[in-house]
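I opened the model today and kept notes as I went. The entries below follow the order in which I looked things up.

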Amino acid sequence: MFQFVSSIVAAMEFARVILSGILVSLLQSVGAAAQVKDLPPCNFKAIYNFGDSNSDTGAISAAIFPRQWPNGETFFHKPAGRVCDGRLMIDFIAERLGLPFLSAYLDAIGSDFRQGANFASGGSTIVPQNKTIAESGLSPFALNVQVFQYDQFKARTTDLYKDKRYSCRSHLPRPEDFPEALYVFDIGQNDIAYGLRTVGDAQILASIPNIISQLAIAVEHLYTQGTRTFWIHNTGPIGCLPSTLLGIKNPPPGFLDKHGCVKSQNDIAKEFNRELKNRVIKLRADLPQAAITYVDIYAAKYGLISNSKQQGFVDAQKICCGYHKNGIDVGCGGVLPLPNGTQIFGAACKDPSLYISWDGVHYTEAANRWIASRLINGSLSDPPVPITHACYRTS
């Protein structure tokens with residue numbers, strides 16, 4: 001009996017020591033983050049972004065098919081390569097850092113790359129897919145291709161910048177600015193979404209370690225090229241996308257959560273995020289000179305969706321742009337001819353600022369602004385530092 005009690009006491013003491021260590025580590029991290037906020041803001045010379053349609057500012061529009069009206073109506077007053085009525089998260093990040101909106105790397109017309117470039121492409125995945133865009137809806141510009149494009153961009157612009165005869169040097173980044181840029185990752189949603197369309201939940205969960213490893217390989221590669229500041233978004237609550245919910249009729253009990261989202265899909269997204277965060281922690285140890293911020297975009301988006309009306313929005317499941325009635329679905333900007341000679345248009349709502357969802361998948365400018373305000377200040381980041389101070393390593 002005495003030995004049994006002693007074992008329990010020893011186990012409790014071991015747990016106390018472990019918990020104390022975790023709390024000390026947490027307090028040190030919070031303390032370090034608080035000290036960072038007192039330091040001068042980072043002097044980011046540029047932004048380089050890797051991602052999918054959540055941050056694509058014109059790649060697919062330039063390379064494959066142009067975005068159509070009413071995309072861009074709110075801010076740009078014309079289609080501007082974005083699947084949104086206005087600005088995206090990456091646009092608000094650029095504004096906060098006092099930098100211009102990013103030109104898409106694939107857009108050669110009127111682009112200025114002096115202070116960064118955007119390699120994000122609508123439909124992109126982390127893991128390359130063996131399907132054409134026509135078959136799968138996925139972009140041929142997966143993350144590894146985007147990194148190859150960055151390597152070429154860096155090598156070619158550096159070479160051209162050194163050639164003083166080149167007349168457009170003012171539109172190119174200076175070679176010394178690459179290490180002093182912010183590198184943003186906003187990708188992974190399509191890996192999950194495509195898996196949900198093609199395989200079972202168990203297979204998707206089994207594939208997550210490989211997906212995360214591919215992202216880590218990209219980060220490690222950029223680090224070897226001199227990159228030091230990374231801002232990595234996790235993935236959002238995919239089970240809350242209105243486009244997903246359109247086809248769900250009479251769901252069984254427990255299928256949806258209390259906010260009307262598909263619980264199993266969000267559980268997969270949360271597992272992806274858990275493994276991504278663990279890998280970010282490992283990357284910090286493996287890349288000792290890097291400052292890597294893990295950004296909880298899931299918490300921000302779900303926080304907005306679960307409190308849409310309190311935040312001044314209509315029901316989170318309502319879609320602003322497109323036609324979705326009586327079993328007929330017409331995408332944003334689309335046209336459906338009817339047998340009687342009339343047409344149904346996928347028009348936009350009168351006031352996009354009241355909506356969270358722009359087209360059923362992507363967010364409105366108003367929602368992007370709301371989400372950006374919660375992320376840029378660092379309150380949902382690990383470490384909890386604002387983006388203006390992301391260049392400082394806190395651990």
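**Entry 1: cavities**

On a 1 Å grid over the protein atoms alone, a cavity is a set of points where a 1.4 Å probe fits but cannot get out, and lining residues have an atom within 4 Å of a point. Grid points are joined across faces, edges and corners, and a volume is the space filled by probe spheres set on the points.

I noted that this is a predicted model, in which local features need pLDDT of at least 70 and side-chain atom pairs count only at pLDDT 80 or more, while totals for chains, interfaces and linings use all residues. Residues are numbered from 1 along each chain as its sequence is written, and side-chain values use heavy atoms, with hydrogens and water left out.

Which residues line the largest cavity? I listed N54, V83, L88, M89, D186, I297, K301, H362, Y363 and N368. They divide into five nonpolar, three polar and two charged. Here Ala, Val, Leu, Ile, Met, Phe, Trp, Tyr, Cys and Pro count as nonpolar, Asp, Glu, Lys and Arg as charged, and the others, Gly among them, as polar. Searching the whole structure gave me five cavities of 30 Å³ or more.

**Entry 2: the largest pocket**

I turned to open spaces; a pocket is an open set of grid points with protein on both sides within 12 Å along at least five of seven lines. The largest pocket has a volume of about 670 Å³. I found 26 residues in its lining, with G137, N190, R197, V361 and H362 nearest the centre. H362 also lines the largest cavity.

Which helix gives the most to the pocket lining? It is α6, with five residues. Helices (H or I, at least four residues) and strands (E, at least two) are DSSP runs, numbered from the N terminus. The pocket lining holds ten nonpolar, twelve polar and four charged residues.

**Entry 3: nonpolar cores**

A nonpolar core is a set of buried Ala, Val, Leu, Ile, Met, Phe, Trp, Tyr and Cys residues joined through side-chain atoms within 4.5 Å. Buried means under 20% relative accessible area, exposed over 50%, partly exposed in between (1.4 Å probe, protein chains only).

The largest core has 45 residues, and Y48, F50, L143, Y183, F185 and F230 touch the most other members. Its largest share, ten residues, comes from α7. I also noted another core apart from it, of 36 residues, including V184 and W370.

**Entry 4: salt bridges**

I counted 14 salt bridges in the whole structure, each a side-chain nitrogen of Lys or Arg within 4 Å of a carboxyl oxygen of Asp or Glu.

E365 pairs with R87, and their closest N and O atoms are 3.1 Å apart. E365 is in helix α11 and R87 in the loop between α2 and α3, 278 residues apart. Are these two buried or exposed? Both E365 and R87 are buried.

In helix α9, E271 and R274 are three residues apart, about one turn, and their side chains meet at 2.8 Å, N to O. E271 is partly exposed at 22% relative accessible area, and R274 is partly exposed at 45%.

K282 bridges to D286 with 2.7 Å between the closest N and O atoms. Why are they separated by about one helical turn? They are because they stand four residues apart in helix α9.
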